[in-house]
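Hi,

Here is the structure I promised to pass on.

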Amino acid sequence: MAITEDELQDFAQRIRQASRPLIYYDDDADGLASYLLVHHANRDAIGVRCGRGPEVDAEFTRKIHENQPDLVVILDKPRVSDEFFTSYNTPTLWLDHHDPTAYKKRGHVTYLNPRVHNDHDNRPTSYWVWLALGGPVWIAGVGTTADWHDSLLVDVRRAHPELLGRVRGIKGALYRSPLGELVRIFNFSLKGATKHIRGCVNTLKKIEHPKELLTGNTPRGRFILKHVKPILVEYEEQLRQAQQTRSRKGVFVHIFSAHKNSLVAEVANELLVRRRTPLIIVGRRTGGEIKFSMRSHTRDLPPIVEKALQGVEGYGGGHRDACGGSVSERDWKRFIAQVRKHV
Ligand SMILES: [Mn+2]
């Protein structure tokens with residue numbers, strides 16, 4: 001069983017009735033799509049993008065004091081710190097599809113996660129938000145496809161056949177279709193300077209048709225494309241560089257040193273489709289650490305990451321086929337050696 005009908009109805013009702021809902025959302029396409037759908041259902045929804053790792057921590061509490069919301073919503077974030085939750089008592093909806101074991105019962109928090117009912121059901125956050133609230137299916141399709149789920153391809157095709165053309169399956173949707181272009185536009189709207197990101201998110205709220213983003217046929221569409229284009233160029237360049245690295249014993253490792261934007265997750269995704277290597281690791285050196293993304297179609301990644309982190313300064317985790325984390329630069333060799341041992 002998935003998230004129940006009752007849970008979704010309660011979620012929708014509380015969002016629609018709130019007069020000042022404050023929405024914390026994950027800094028990726030699934031998180032952003034989820035927020036945009038909530039905003040479609042309630043135009044007063046104020047968004048707070050949560051980057052810097054998987055956790056919503058006490059630093060984000062400030063936003064509650066600033067905005068005085070009557071409802072707090074947390075979307076697509078796997079962890080929330082104790083300090084955050086104990087710092088306020090506004091009713092809170094927390095919807096996520098990562099490992100639910102981090103959740104502890106709290107009076108003011110309603111927790112929704114399909115994996116509570118069925119550990120194999122990790123359909124993305126934007127899928128559930130759309131199921132609860134409705135709204136433009138292409139936005140939900142961007143979020144779910146970005147998370148490698150095909151759960152909305154049929155619905156997207158029905159509403160916008162031009163977004164998928166003759167492509168079938170998730171890989172084609174991601175790398176050979178206009179829907180995949182939209183995924184990159186969402187992802188890259190979240191890269192770059194904070195003030196640009198804010199401008200993009202605010203503009204995305206006003207987009208009425210995916211064509212605006214694909215062809216730039218409106219000023220707001222052009223605004224987004226102007227921000228996204230240079231990042232797309234940088235992405236192609238990083239992908240080209242990474243393509244020159246060879247895999248060794250079933251593991252591909254490529255580290256970037258000097259780049260403006262962190263595109264490791266996107267590069268790792270595309271390499272997984274383009275190469276036959278069972279396990280892909282793409283990292284980026286920053287401030288004494290290596291931030292990495294790990295991808296695989298065939299291996300269960302969280303246990304590999306956990307074992308590889310033994311005796312290593314760092315953290316990591318995620319989904320079966322997609323993990324991320326950060327390891328201190330001096331422990332990187334050991335981390336990779338331990339990955340190789342446990343693949
Ligand atoms: Mn997600």
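**Starting with helix H1**

Helices (H or I, at least four residues) and strands (E, at least two) are DSSP runs, numbered from the N terminus.

Before going on, two notes on the source. This is a predicted model, where local features need pLDDT of at least 70 and side-chain atom pairs count only at pLDDT 80 or more, while totals for chains, interfaces and linings use all residues. Residues are numbered from 1 along each chain as its sequence is written.

Back to H1: Glu7, Phe11 and Ile15 are buried there (20 or more other C-beta atoms within 10 Å of the residue's own; exposed is 12 or fewer, partly exposed is in between, and C-beta atoms are placed from the backbone). They cover an arc of only 60 degrees around the axis, so they sit on the same side of H1. That arc is taken from the directions from the helix axis to the C-beta atoms. On the other side of H1, the exposed residues are Glu5, Asp6, Gln9, Gln13 and Gln17. Why would such a pattern come up? An α-helix has 3.6 residues a turn, so residues three or four places apart point the same way.

**Helix H15**

You can see something of this kind in helix H15 (residues 301-308), where Leu301, Ile304, Val305 and Ala308 are buried. Looking down the axis of H15, these buried residues fall within an arc of 100 degrees, so they line one face of the helix. Pro303 and Lys307 are exposed on the other side of H15. Packed against the buried residues of H15 are strand E10 (289-295), strand E11 (314-318), strand E12 (322-328) and helix H16 (332-342), with contact meaning C-beta atoms, placed from the backbone, within 7 Å.

**The whole chain**

The protein chain divides into domain 1 (5-227) and domain 2 (245-342), with bounds from an automatic or database domain assignment. Their centres, taken over C-alpha atoms, are 25 Å apart. Seven residues from domain 1 and seven residues from domain 2 make the contact.

In total, the chain has 16 helices and 12 strands. Of its 343 residues, 42% count as buried. The C-alpha trace spans about 55 × 45 × 40 Å along its principal axes.

Cheers

Methods:
Two residues are in contact if their C-beta atoms, placed from the backbone, lie within 7 Å.
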